[in-house]
Amino acid sequence: MRLVGKHGRYDTEEAERYDPTDLLRGWLERIRAVQADVDFREAWVMCGNDFAGHAPATVRRFAALAGVELPKLPEAPRQTSLFGDD
């Protein structure tokens with residue numbers, strides 16, 4: 001399943017622009033309803049940035065609602081200066 005919104009909806013895409021939890025719960029309920037009728041083990045859910053403003057955060061929010069643990073993201077290295085001469 002791919003969750004997308006209107007393209008170009010947000011000026012920036014570095015954070016969720018609204019809380020999509022209620023919509024995500026609705027999709028999770030739909031997946032679980034289908035799963036009750038059809039035997040399957042996996043559902044793949046992908047999000048576009050246009051859905052809520054930041055796809056990685058939205059996917060992590062959905063995974064948490066579904067009880068799926070995703071790998072922790074490594075912390076980005078700290079850049080001390082632009083040219084490396086502190």
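These legends describe close-up views of a predicted model.

**View 1. The largest nonpolar core has 10 residues.**
Its members are Leu-3, Leu-24, Leu-28, Ile-31, Val-45, Cys-47, Phe-51, Ala-52, Ala-55 and Phe-62. Helix α1 gives the most, with three residues. In soluble globular proteins, nonpolar side chains tend to be buried together.

**View 2. Ile-31 is a member of the core.**
Ile-31 belongs to α1 and is buried. Which residues does Ile-31 touch, not counting those up to four places away in sequence? They are Met-1, Phe-40, Ala-43, Val-45 and Phe-62. Val-45 and Phe-62 are also listed in the largest nonpolar core.

**View 3. Helix α1 has 17 residues.**
From its first C-alpha to its last, α1 reaches 25 Å. That is close to the 24 Å expected at 1.5 Å a residue. Thr-21, Leu-24, Leu-28 and Ile-31 are buried in this helix. They lie on the same side of α1, because they cover an arc of only 80° around the axis. These buried residues pack against β1 (2-3), α2 and α3.

**View 4. One face of α1 is turned away from its buried side.**
Which exposed residues does this face carry? They are Asp-22, Glu-29, Arg-30, Ala-36 and Asp-37. Look next at Arg-30. Arg-30 lies over the face of Trp-27, at 4.4 Å from the ring centre.

**View 5. Thr-21 sits in helix α1.**
Is Thr-21 buried or exposed? Its relative accessibility is 12%, so Thr-21 counts as buried; the cut-off for buried is under 20%. Leaving out residues up to four places away in sequence, Thr-21 touches Arg-61 and Leu-65.

**View 6. Arg-61 is part of helix α3.**
Arg-61 is partly exposed, with a relative accessible area of 27%. Where is Arg-61 relative to Leu-24? The two are 37 residues apart in sequence. In space, they are 8.3 Å apart, C-alpha to C-alpha. Apart from neighbours within four places in sequence, Arg-61 is in contact with Glu-16, Asp-19, Pro-20, Thr-21 and Leu-24. Thr-21 and Leu-24 are buried residues of α1.

**View 7. The buried residues of α3 are Ala-55, Thr-58, Phe-62 and Ala-63.**
Why are they on the same side of α3? They cover an arc of only 140° around the axis, which puts them there. What covers them includes α1, β2 (46-47) and α2. Ala-55 and Phe-62 are among the residues of the largest nonpolar core.

**View 8. The ends of α3 are 16 Å apart, C-alpha to C-alpha.**
The helix has 12 residues. At 1.5 Å a residue, they should span 16 Å, which agrees. Just after α3 comes Gly-67, which takes a positive phi of about 75°.

**View 9. Pro-56 is found in helix α3.**
Pro-56 is partly exposed. Its relative accessible area is 44%. Now compare Pro-56 with Ala-15. They are 41 residues apart in sequence. Their C-alpha atoms are 8.9 Å apart in space.

Notes: Residues numbered from 1 in each chain as written. Predicted model: local features only at pLDDT ≥ 70, side-chain atom pairs only at ≥ 80, totals over all residues. Heavy atoms only, no water. Core = buried A, V, L, I, M, F, W, Y, C linked by side-chain atoms within 4.5 Å. Buried < 20%, exposed > 50% of the residue type's maximum accessible area, 1.4 Å probe, protein only. Helix = DSSP H or I, 4+ residues; strand = E, 2+ residues; numbered from the N terminus. Contact = heavy atoms within 4.5 Å. Expected span 1.5 Å × (residues − 1). Arc of directions from axis to C-beta. Lys NZ or Arg CZ within 6 Å of the ring centre and 35° of its normal.
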